[in-house]
Amino acid sequence: MKFPRLPLTREHGSWAVLAVPLAVGTASSVQVRWEHAALAIAAMAAFLSHVPIRVILEHVAGRRRDDALLRGARWWAPILVGVALALTSVLVLRGATFLLSCVLIGGATLAVRSTLQRSGKRSSLGDLFAVAGLSLGAPAAFALGSRGMKDSAFILWVEMFLFFGCTVVYVHMKIRAAAQKLHAFSVRDRIQFGWVTLAYHVAVMAIVAVVVSAQRTPVLALAAYLPMSIHAVVGTIRLTGAVQFKRLGFMLLAHSAAFGALLVWAWKGAV
């Protein structure tokens, strides 16, 4: 029997935004448990279901969709949603009631993102809402293996959101620059296109510094943002309209892995 093709997202960076928070939350928790595997499968199923669900909703709204794509969406959507709900229910019944909050918040953020991008055009705000939802894997996994450490789990969620927000504003700066079709930018052009990126990174470093000074997160957590922040500053200074997005994607993936490793190192020393 040949299964219908599963419609997948074309936003390849979203896989890292899903995987890194789950990995960081799991590795940073007091104890790695079998429930972490169930959480990862549930999160993956929920993530994979969002494109099939979107295809079905667009078809219902009257938008013409490819027959094979629609058939795959109708096949996979109930299966993936069923797996996500079943595993989440098992975890909740075993005492992980905080997952209900994660489900509600995640659903709300992704719904807002879908509304903002209904026209099909990506926006920084819409991607930030998506990042907020996908980053919930970190606090969920951390709390699952660290009973009663809900405050720390919230801080970890904020840290993951702030980092992946860095990648969002940086990529959108590159997209806007590439749209100009210019190979040489003046200093004024670089300021015009890059001031939001630079301001965001300054704000992130300031927020994390405040959290560190309040002793709510390890000092090393501040260092985890430095590679991406340095990259963003250098990228803004050298900004041109010639952007190799495939190369940029691999570089951001490397930054995500480095950030995750540094944050795990920081939190394992604190837990």
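Here is a tour in stops, each with something to select. Bear in mind that this is a predicted model.

**Stop 1: colour by confidence**

Start with pLDDT. The protein averages 88, and 97% of the residues score at least 70. Now compare helices. Confidence is lowest in helix 4, at a mean of 87, and highest in helix 10, at 93.

**Stop 2: the segment before helix 1**

Select Pro 4. You are in the segment before helix 1. Is Pro 4 buried or exposed? Its relative accessibility is 19%, so Pro 4 counts as buried, the cut-off being under 20%. Next, show what surrounds Pro 4. Leaving out residues up to four places away in sequence, Pro 4 touches Arg 71, Gly 72, Trp 75 and Trp 76. Draw a distance from Pro 4 to Gly 72. The two are 68 residues apart in sequence, yet their C-alpha atoms are 4.7 Å apart.

**Stop 3: the nonpolar core**

Select Leu 39, Leu 99, Met 160 and Leu 263. These have the most contacts inside the largest nonpolar core, which has 61 residues. Which helix gives the most to this core? Helix 7 does, with 15 residues. Apart from this core lies another, of five residues; Val 51, Val 55, Leu 69 and Ala 73 are among them.

Stay with Leu 39. This residue sits in helix 2. Leu 39 has 9% relative accessibility and so counts as buried. Which residues does Leu 39 touch, not counting those up to four places away in sequence? They are Leu 22, Leu 91, Leu 99, Ala 140, Ala 141 and Leu 144.

**Stop 4**

Select residues 124–134, which make up helix 5. How many of its 11 residues are buried? Eight are, and the helix is mostly covered. Colour these buried residues: Gly 126, Asp 127, Leu 128, Ala 130, Val 131, Ala 132, Gly 133 and Leu 134. Then show the partners. The buried residues pack against helix 1 (13–28), helix 2 (34–60), helix 4, helix 6 (137–145) and helix 7.

- Thr 109 lies in helix 4, residues 98–116. Its relative accessibility is 10%, so Thr 109 counts as buried. Beyond residues up to four places away in sequence, Thr 109 touches Phe 129, Ala 132 and Gly 133.
- His 172 belongs to helix 7. With a relative accessible area of 7%, His 172 is buried. Setting aside neighbours within four places in sequence, His 172 is in contact with Arg 122, Ser 123, Ser 124 and Asp 127.
- Gly 137 lies in helix 6. At 12% relative accessibility, Gly 137 counts as buried. Apart from neighbours within four places in sequence, Gly 137 is in contact with Pro 21 and Leu 22.

**Stop 5**

Select Tyr 170, Lys 174, His 231, Arg 247 and Met 251. Of the 14 residues lining the second largest pocket, these five lie nearest its centre. The pocket has a volume of about 380 Å³. Which helices each supply at least two residues of the lining? Show helix 7 (150–178), helix 10 (226–237) and helix 11 (245–270). Colour the lining by class, and you get seven nonpolar, four polar and three charged residues.

**Stop 4: a loop residue**

Finish at Gln 215. This residue lies in the loop between helix 8 (187–213) and helix 9 (220–224). Is Gln 215 buried or exposed? Gln 215 is exposed, with a relative accessible area of 72%. Check its backbone too. Phi of Gln 215 is near 60°, a positive value in a residue other than glycine.

Note on methods. Residues are numbered from 1 along each chain as its sequence is written. This is a predicted model: local features need pLDDT of at least 70, side-chain atom pairs count only at pLDDT 80 or more; totals for chains, interfaces and linings use all residues. Side-chain values use heavy atoms; hydrogens and water are left out. On a 1 Å grid over the protein atoms alone, a cavity is a set of points where a 1.4 Å probe fits but cannot get out, and a pocket is an open set with protein on both sides within 12 Å along at least five of seven lines; lining residues have an atom within 4 Å of a point. Grid points are joined across faces, edges and corners, and a volume is the space filled by probe spheres set on the points. Helices (H or I, at least four residues) and strands (E, at least two) are DSSP runs, numbered from the N terminus. Ala, Val, Leu, Ile, Met, Phe, Trp, Tyr, Cys and Pro count as nonpolar, Asp, Glu, Lys and Arg as charged, and the others, Gly among them, as polar. Buried means under 20% relative accessible area, exposed over 50%, partly exposed in between (1.4 Å probe, protein chains only). Contact means heavy atoms within 4.5 Å. A nonpolar core is a set of buried Ala, Val, Leu, Ile, Met, Phe, Trp, Tyr and Cys residues joined through side-chain atoms within 4.5 Å. pLDDT is the predictor's confidence in each residue, from 0 to 100.
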